Structure formats: structure tokens, C-alpha cells
Amino acid sequence: MRLLVPFYLSYAVLATALSPDVPEQAEPPADTCPPKNITALLTNAASHTTCPLPTGPSASRKPGAPWTHTPLCSTTSGAQTYCLFSSTPFGTNGLSLIAAPETASSLAPVLTQIHHSSLPSPSSARNLTLEPATAVRDFPGRGKGLVATRPIRGGETFLLDHASLVVGAGFFEDVGDAERAAMLGEAVDRLVEPAAVRGLDRAGGGGDVVGDVVRTNSFRSKLDVGNVFVLFPLISRVNHACKPNAFIRHASHGLIAGVAAFRDIMPGEEITISYIPLQQPTPSRQALLRKNWNFTCTCPLCTSPPSTLSANDALRRKLQGVEADAISAIRARDLPAAMDNLRVLEAGFVAEGLWPLLQDIYQVLATVCWAMGKREDAVGYLQRKLDMRDGYGRLEVGDRGLELGEEIGRLERPGR
Ligand SMILES: [Zn+2]
């Protein structure tokens, strides 16, 4: 499974190391039935203690919008119940969700909101162009992939995709093999174009075709409704490279994603993203790719001359060491030393072009500055964090003033 948002430094470390004296604030009472708008949904999980579930394992008729099919629920005894919910109008291929009924209930207003939203438009998505830019090609020995069919500018979001499958993280462990395969098969059959999912590359060779497709191609994502696997059929065609020319921009709700260019891409060039965290040296990268996707990477970085590769690995190992030193310094509350290490990391990531990793570095720098009483510096790092998030992670164009205020609020109330 791919990581939707690769986390670098551990915020848990910061939470325990920098805010031990801040009293926990009680959660506000959950007083919302399924939220009325997406902002509310993203900030307050819906309460199901006071609101009835619109659907459930005993549902015997078609549920209300946005779901278009009768739920199909698991019967594995002693395990969490998972139900299949489907919504044909979502995107161009429809959406099938396999999750607890509570998850479907919480996600319903998001789907409705997406249906009425202008998000996949050039005015609401970051640097989006709607002119087709890619085509699927066969790459001998590597399955299918995407190539550019026109010049693509650095920073451009040139491909958009809606999720076709969303599967609760525990489904693969909680539900028995036969029932799991049947539910996944039905989930795909309910899509507008089942072949768009069934035809994707598979890392394994087992009989559970759809399960293998989901395991090979999904992003692991932490949505407001919990941890899920999300499959985007078009984006699944993008192959891996350890120094890729493209990256993913995700909508906040996690159900729409775009592919954007790190740099200018020429027609005929293969589009690549990284399936794994960017900063790892060659042995770690190859081990992860073999374990999760069953291939040995032959990307331009991995096949570069031994002297180039070993220099690159030495730099990445050095950065890993600096990261460990930064975490140790934070744990010891030696904040000046932590600042020094974090600035070395920042410079290393800039030199290596590892831009997406800077978002986490700036968050940690802001938190450390705040803890040192350097509030102006902290706000400056928060601005840079949002710059990196917007440039290298998020699809929507947001309200910067409002978002910066929320970020500062989180520094004032750590642990929230
Ligand atoms: Zn590689």
C-alpha cells in the first residue's frame, strides 16, 4: 500500500516532549448529526451516539442519497461488521465503499458536498489544466504506465482522478477469505467500468484478483472517518521512480487526487511518482519495493553509475542521522540543538530537491520556535509549511489567512 501522506518526523515525539505541562482540554460535545458542510465535517467527526444511522447491517432497502445500491454486509462472526455501499454518480466510474456503517454515514455528506462542489475545476484546484496530457503505454517487463503526450509545466496539475474503491483498513484482517473476495468482487462489479479496476497490475499471483489489485494499487489514507485504503484507477497506472518527475496532490477529503509535475516534462517522457518515502537510501528503497510491490527498481537513480549512487546514499544516510539527532535533542528538550539539526535537514532536503518533506520539517521548526518563545519565527515557519503543503501536497486552493490562524491556534493548544 502506498502512503497517502508520508510523515517524516514524529509529531507524537513533539507532543510528548514539548507539551508535558499543558493540561488536556476536554473535547467539545459532539452535537452534530452528519455535518451539514465539508468544513464542519473536516473539523468535527459526526456523532452517532445521538444521531440514528441512516443505514446499517439490517438495512433491507436502498438507502438514501448518495448511496444507490442496497448495502451488502459481512457476516464473519466475532468481527467488526463491514458493509458495501456504492454511489454510481460519484466521479465518472462511481464509488464503492467497504466500511463500518458509521463510516458510510459520516462519508455521505462528503459525497453530497463533492457532487455540488466545483473542486475539479481550474479555479478551485491548484494549477489545474484540463487539456489531456497523458496516455497509457506498455513498458516491457514493467506492465503499463503513463507517458506525457504534450509538454507539461513544472507545478502543473495535469491529471485528476476520483476514488473508485475505499476499503476500511481492518477489512482484510477482520473478514474471512471467501466473504472478503465476494464483497470486493461485488464492489468492483457495481462500478460503471469494472475493467478499469480489474485490469490494473497485481504484485501477487493469487486467486483473489480484486484483493490483490487493491493491495497493490491503493493508497493508505487517514481520513476523518478513520484509516482506509483508497484506490484511484488512473493514478494507479503511474509507475514508481526513486527520483520521480511527478507527485500527488490530494483533496482534503481524500476522495479526489491529482498528479502534478515536479519539473517540466517533455512529450514521450514517462510520468513517475514515488510509492515510498523519498529520503531513503537504495537498500531500504529496494527492500520496501520488493516487499510491497514485488519488483526491483530500475529507475534512473537506481541504475546510475555506482559512484553517483553511493554518493547519493551517503547523503541520504547522513540526513537520516541528522533526523535521529533532532529527535533526540527534542526528547532531551535541548531546543537550540534541535533547531541546528532541523536547519541542516532543511538545507539537505532543499539541495536534494526533496520538497514534499519540507512540510514536516517546517512544522517541527515552528513547534520548536514556539516552545522557545520565538513566536514570530514560529509563524514564519508555519507560512513556509503551508507553502510546501500547497505546492507539494494539497489540491484545493484554500483561504491562507484562515488556515494560518488555525495553525497558530494548534501551537497555542498543543495536543489538539
Ligand atoms: Zn529506483
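A residue counts as buried if 20 or more other C-beta atoms lie within 10 Å of its own. In this predicted model, buried residues account for 40% of the 416 residues in the protein. The secondary structure comprises 13 helices and 14 strands. Among contacts between residues at least 6 apart in sequence, 65% link residues at least 24 apart.

The largest nonpolar core holds 65 residues. Within it, Ile-98, Val-166 and Val-259 touch the most other members. Helix 3 (residues 101–116) supplies the largest share of this core, 6 residues. Leaving aside residues up to four places away in sequence, Val-259 touches Phe-158, Leu-159, Ile-235, Val-238, Ala-246, Ile-248, Ile-271 and Ile-273. Another core, of 26 residues, lies apart from the largest one. Its members include Leu-278, Met-339, Val-368 and Leu-411.

Helix 11 (residues 358–371) packs against helix 12 (residues 375–392). Their axes are 8 Å apart, and the angle is about 165°. Angles over 145 degrees count as roughly antiparallel, so helix 11 is roughly antiparallel to helix 12. The crossing of helix 11 with helix 12 is left-handed. On the helix 11 side, the contact is formed by Leu-358, Gln-359, Tyr-362, Gln-363, Leu-365, Ala-366, Cys-369 and Trp-370. Helix 12 contributes Arg-375, Asp-377, Ala-378, Tyr-381, Leu-382, Arg-384, Lys-385, Met-388, Arg-389 and Tyr-392. By class, this contact has 11 nonpolar, 2 polar and 5 charged residues.

How values were computed. Residues numbered from 1 in each chain as written. Predicted model: local features only at pLDDT ≥ 70, side-chain atom pairs only at ≥ 80, totals over all residues. Core = buried A, V, L, I, M, F, W, Y, C linked by C-beta atoms within 7 Å. Buried ≥ 20, exposed ≤ 12 C-beta atoms within 10 Å, placed from the backbone. Helix = DSSP H or I, 4+ residues; strand = E, 2+ residues; numbered from the N terminus. Contact = placed C-beta atoms within 7 Å. Axes fitted to C-alpha atoms, helices over the stretch in contact; angles between N-to-C directions. Parallel < 35°, antiparallel > 145°, perpendicular 65-115°, else oblique. Left-handed = near helix turned anticlockwise from the far one by under 90°. Nonpolar A, V, L, I, M, F, W, Y, C, P; charged D, E, K, R; others polar.
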